[in-house]
Amino acid sequence: MATSSKLRSPVLPRRRLAEPFLLLLLLLLLAAVARPTAAADVVELTLLAGAQEKGAVCLDGSPPGYHLQRGFGSGEHSWLVFLEGGAWCNSIESCSRRKMGVYGSSKFMKAAEFNGILSNDQQLNSDFYNWNKVAIRYCDGASFSGDAEAQDKDGSTLHFRGLRIWEAVVDELMGKGLATAKQAILSGCSAGGLAALLHCNDFHARFPKEVSAKCLPDAGFFLDVEDLSGERHMWSVFNGTVHLQNVREVLSKDCLTKKDPTECFFPAELVKSITAPTLILNSAYDSWQIRNALAPDGSFPGQSWSSCKTDIRNCSSTQIQVFNGFRNKFVDDVEIVKDKKDWGLFIDSCFTHCQTPFNISWSSQASPVLGSKTVAEAVGDWYFERSYEVKEIDCEYPCNPTCSSQLPT
Ligand SMILES: *[C@@H]1O[C@H](CO)[C@@H](O)[C@H](O)[C@H]1NC(C)=O
Ligand SMILES: *[C@@H]1O[C@H](CO)[C@@H](O)[C@H](O)[C@H]1NC(C)=O
Ligand SMILES: *[C@@H]1O[C@H](CO)[C@@H](O)[C@H](O)[C@H]1NC(C)=O
């Protein structure tokens, strides 16, 4: 069309563009080769063997995947299993969209960078750097817990096989050395943190008594709170997921006799039946929950909460009071943990979400400090029992001066 070509901005002749471009490429290549020690910790993707026969597949039917980095030295018989997060899908429509991407199909998965608790850098991760580390990719949409299938709008099958993925991947890892672990941690962040709670007992039960197997759910403690409009928004999200994907097997039998399965999917119920030592790591002002559970779009008029949701420094004192209400519920819900021997709490007041898989939150000058410990120090002290107890609950925002605005939100 004549009009559109007229509107196009003038373009440099090709030959003149190519030279600076090639020079830049050469410089980038040189930079990459010249600094091998600064190379990021990239770990290749392994697809689960025999996934289809076991029915352990992603939403689209593709095999699930994980990244395994072998331990070395004194870490040879120590294992960290980390479950990836990425919210949930709770309807045919949302699961159908999800299967077109990395959270629903291994067709889109690539190698992963290991940071924070997954890093093999001794300075950054002094307690776990030489452990065997596995990150299991999330591609089922129900925190590795559903077991069902449904028909997609186009007639194809939507596979809800999170539970089988969990079982088949851990079985495969057992054969790769996890079975002879002397020390083991099940962790994960966000929906993966919830999954770590859901599978904590199963993980623990796979090892002999003398093995130190513990759980570290990070940012997985989702609250059943009313949103700004008074709806139980998070409850509705979970209700859709639990019913659509048939989440049942992983829930506590005791809870199911008394309550609705959706209620039994919430951490406040899950912790009652967990028997393995567990450290709950979470911000009481979890930025994901504040944005998506407490103040989801549509729960408030106009733009009244938009800038406060994006950056907590922009909230009014009235808005902070609402967040404090969320924090108080958080403190109430984790109260039960205080009396549990060998358990831990690290509940800070920084506006962030997931604190183990990022260098900056895990162990840096900007890591949240609670009880004079960074996240990495607190987790290490709890796991190795270097302190009598690690049970810390932060004061109300903005009292903790170590909460950095550089933390991921
Ligand atoms: C995290 O720290 C490691 C080790 O120092 C470094 O190689 C990696 O690039 C860092 N990752 C990010 C995202 O900064
Ligand atoms: C929970 O989900 C089920 C299945 O989709 C639905 O029938 C039920 O009405 C939902 N409950 C509420 C209170 O929304
Ligand atoms: C926060 O407030 C500052 C100053 O009023 C403003 O410049 C900034 O854009 C706000 N941030 C957001 C995310 O709205």
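This is a predicted model: local features need pLDDT of at least 70, side-chain atom pairs count only at pLDDT 80 or more; totals for chains, interfaces and linings use all residues.
Colleague: Let's take a helix. Where does α8 run, and how many residues does α8 have?

Modeller: Helices here are DSSP runs of H or I with at least four residues, strands are runs of E with at least two, and both are numbered from the N terminus. Helix α8 covers residues 233-244, which makes twelve residues. The expected span of a helix is 1.5 Å times one less than its number of residues. Just after α8, Asn246 takes a positive phi of about 55°.

Colleague: Which residues of α8 are buried?

Modeller: Buried means under 20% relative accessible area, exposed means over 50%, and partly exposed is in between, with a 1.4 Å probe and protein chains only. In α8 the buried ones are Met234, Val237, Phe238, Gly240, Thr241 and Val242. Their cover includes α6 (191-198), α10 (261-264) and α12 (287-294).

Colleague: And α6 itself, how many of its residues are buried?

Modeller: Eight of the eight, so α6 is largely enclosed by the rest of the structure. Among them are Ala191, Gly193 and Leu198.

Colleague: Can you show me the opposite case? Is Thr257 buried or exposed?

Modeller: Thr257 counts as exposed because its relative accessible area is 65%. You'll find Thr257 in helix α9 (residues 253-258). Its side chain reaches the backbone oxygen of Asp254 at 2.7 Å.

Colleague: What makes a pair like that a polar contact?

Modeller: A polar contact is a pair of N or O atoms within 3.5 Å; within protein, one must be able to donate a hydrogen and the other to accept it, and residues adjacent in sequence count only if both atoms are side-chain atoms. Take Ser105, in the loop between α4 (92-98) and β5 (112-113). The side chains of Ser105 and Asp60 are joined by a polar contact of 2.6 Å.

Colleague: Why does Ser105 count as buried?

Modeller: Because its relative accessibility is 0%. Contact in general means heavy atoms within 4.5 Å. Leaving aside neighbours within four places in sequence, Ser105 is in contact with Cys58, Asp60, Ser62, Lys99 and Cys139.

Colleague: Now strands. How many bridges pair β7 with β8?

Modeller: Two strands pair if DSSP finds at least two bridges between them. Strands β7 (residues 148-151) and β8 (residues 157-160) have four bridges and pair in the antiparallel sense. Gln151, for one, has Thr157 in β8 as its bridge partner. Five residues lie between the strands of this hairpin, where Gly155 takes a positive phi near 95°.

Colleague: Which strands pair with β12 in the parallel sense?

Modeller: Strand β11 (residues 279-283) runs parallel to β12 and is joined to it by five bridges, with Leu279 partnered by Gly344. Strand β13 (residues 391-393) also pairs with β12 in the parallel sense, over three bridges, and there Leu345 stands opposite Lys391. Strand β12 (residues 344-348) is mostly covered, with five of its five residues buried. Gly344, Phe346 and Asp348 point one way, Leu345 and Ile347 the other.

Colleague: Last one: what surrounds ligand 2?

Modeller: A residue is near a molecule or strand if one of its heavy atoms lies within 4 Å of it. Around ligand 2 you find Trp235, Asn239 and His243. A polar side-chain atom of Asn239 lies 2.3 Å from an oxygen atom of ligand 2, and for a polar side-chain atom of His243 the distance to an oxygen atom of the ligand is 3.4 Å.

Notes. Residues are numbered from 1 along each chain as its sequence is written. Chains are lettered from A and ligands numbered from 1 in the order in which they are written. Side-chain values use heavy atoms; hydrogens and water are left out.
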